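Work through the exercises below with the sequence and the model open. Try each task before reading its solution.

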Amino acid sequence: MVGRTERLFSRGQRALSARDYAGAETSFRAALAGTPHDPHLHRYLADALVEQDRFAEAERELATAIELAPASFVVHLHHAILLLDAGEPARARAPAAAAATRAPGNRLVAGYVELVAWAADGGAPPSRLVELAGELPESFGARALLQLAAVTLETRGPRALADVLEPPPEPLGLPLGLWLGALRHRDGLRYAEALLRRERFDDAACVIAAKPALLRDARAHALLERARRGALRAVEGALAGAGGRGRGTLLLSRYDIENDLGDEDAVARTLAEWRDLYMAAGAPRRERHLAAAVLRRLAAVEVGRGRYKDALDLCAASRAARDDRETAGVEALARVGLGERRAARRAFAEFLTNALFRVDMCLAAAAPRSSA
């Protein structure tokens, strides 16, 4: 590519990056008018068409690119991705295999071969896909999360869909005082019972939750429930006479406990009360980061209830308070629920941009549940 064609190609690439897909199409078509036998221009035009849901036209452009450069693994790979995005994973198998034949050591190609197979066959994420997902680009991760969300919604329903992006639980370290106390007790659950008798409910819950081995004891879950219920009663007692900012802090404490108890209805009521308090105070700037998080969590609750449009409204309100990357993840789940695959994929890609989120760990956590 030289001169005018190169300038048009660069303009089209910039338009793609800016999500101006019609503008990208215009630039690539103008470039092709002067260089009709360039396979890369046909491939990029196909990308612009796919993003406008014009899959048949895009596939024709890719067929031309393959005819012009049959030995290139890239055009075959893009054909497989196009079919995957179009919801035709069975048809995507052949071009994915063709790409793998031409680039046997390419890990991105290997990842798409596994992703296409999973989308076509269903079931649990393949172990090879889990292995590769942690090192592949965000565009791949977005498609893997889209498939995971779709499978989860189909097999386990909206409530499980809302948890797709939740990180695996990690053991919490004990504060020094509790750690020293635990050293004096051979039986961690007896220590928790002693704390409960002294009405140190938060400490009792912390001792049990911080040691996964304790949760295998038949007594543990009942004790943990008692501890959390006791902590909830204490917070509700404090709330009875609280007002202003102090009330807002206590509401967030109550939310933490209700969330640990898995009481989504109570979570929704508590966060809605915090939101009302925030709005009544004039939506203070110093609390906008909290407001964004509260609204995002309320959106996740609505995803779990299958109220996807309500979830999107809450995501928009969260972004208005503060445009955090995490909100894009909840939006993606809501759009999966609405069947908006392309918009969901874009939202997942935004969620993953410059993030530390581990797609491989997310898939690994889902594998036992999917195969159960």
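**Cysteines**

The structure holds zero disulfides, a disulfide being a pair of cysteine sulfur atoms within 2.5 Å. This is a predicted model: local features need pLDDT of at least 70, side-chain atom pairs count only at pLDDT 80 or more, and totals for chains, interfaces and linings use all residues. Residues are numbered from 1 along each chain as its sequence is written, and side-chain values use heavy atoms, with hydrogens and water left out.

**Exercise 1.** Determine whether the length of helix H3 agrees with its residue count.

*Solution.* Helices are DSSP runs (H or I, at least four residues), numbered from the N terminus. H3 covers residues 39–50, which is 12 residues. The expected span is 1.5 Å times one less than the number of residues. Now look at the start of H3. There, a side-chain oxygen of Asp38 comes within 2.8 Å of the backbone nitrogen of His40.

**Exercise 2.** How many residues of H3 are buried, and what covers them?

*Solution.* Count first: 10 of the 12 residues are buried, so H3 is mostly covered. Among them are His42, Arg43 and Tyr44. Then find the cover. Contact means heavy atoms within 4.5 Å. The covering elements include helices H1 (3–17), H2 (21–34), H4 (55–68), H5 (73–85) and H20 (341–352).

**Exercise 3.** Which residues touch the most other members of the largest nonpolar core?

*Solution.* A nonpolar core is a set of buried Ala, Val, Leu, Ile, Met, Phe, Trp, Tyr and Cys residues joined through side-chain atoms within 4.5 Å. The largest one has 109 residues; Phe28, Val303, Phe348 and Leu363 touch the most other members. Helix H17 (residues 288–304) gives the largest share, nine residues. Take Val303: beyond four places in sequence, its contacts include Pro158, Leu161 and Tyr308.

**Exercise 4.** Is Arg296 buried or exposed?

*Solution.* Locate Arg296 in helix H17. Its relative accessibility is 14%, so Arg296 is buried. Beyond four places in sequence, Arg296 touches Ser318, Asp324, Glu326, Thr327 and Val330.

Definitions and conventions:
Buried means under 20% relative accessible area, exposed over 50%, partly exposed in between (1.4 Å probe, protein chains only). Helices (H or I, at least four residues) and strands (E, at least two) are DSSP runs, numbered from the N terminus. A polar contact is a pair of N or O atoms within 3.5 Å; within protein, one must be able to donate a hydrogen and the other to accept it, and residues adjacent in sequence count only if both atoms are side-chain atoms.
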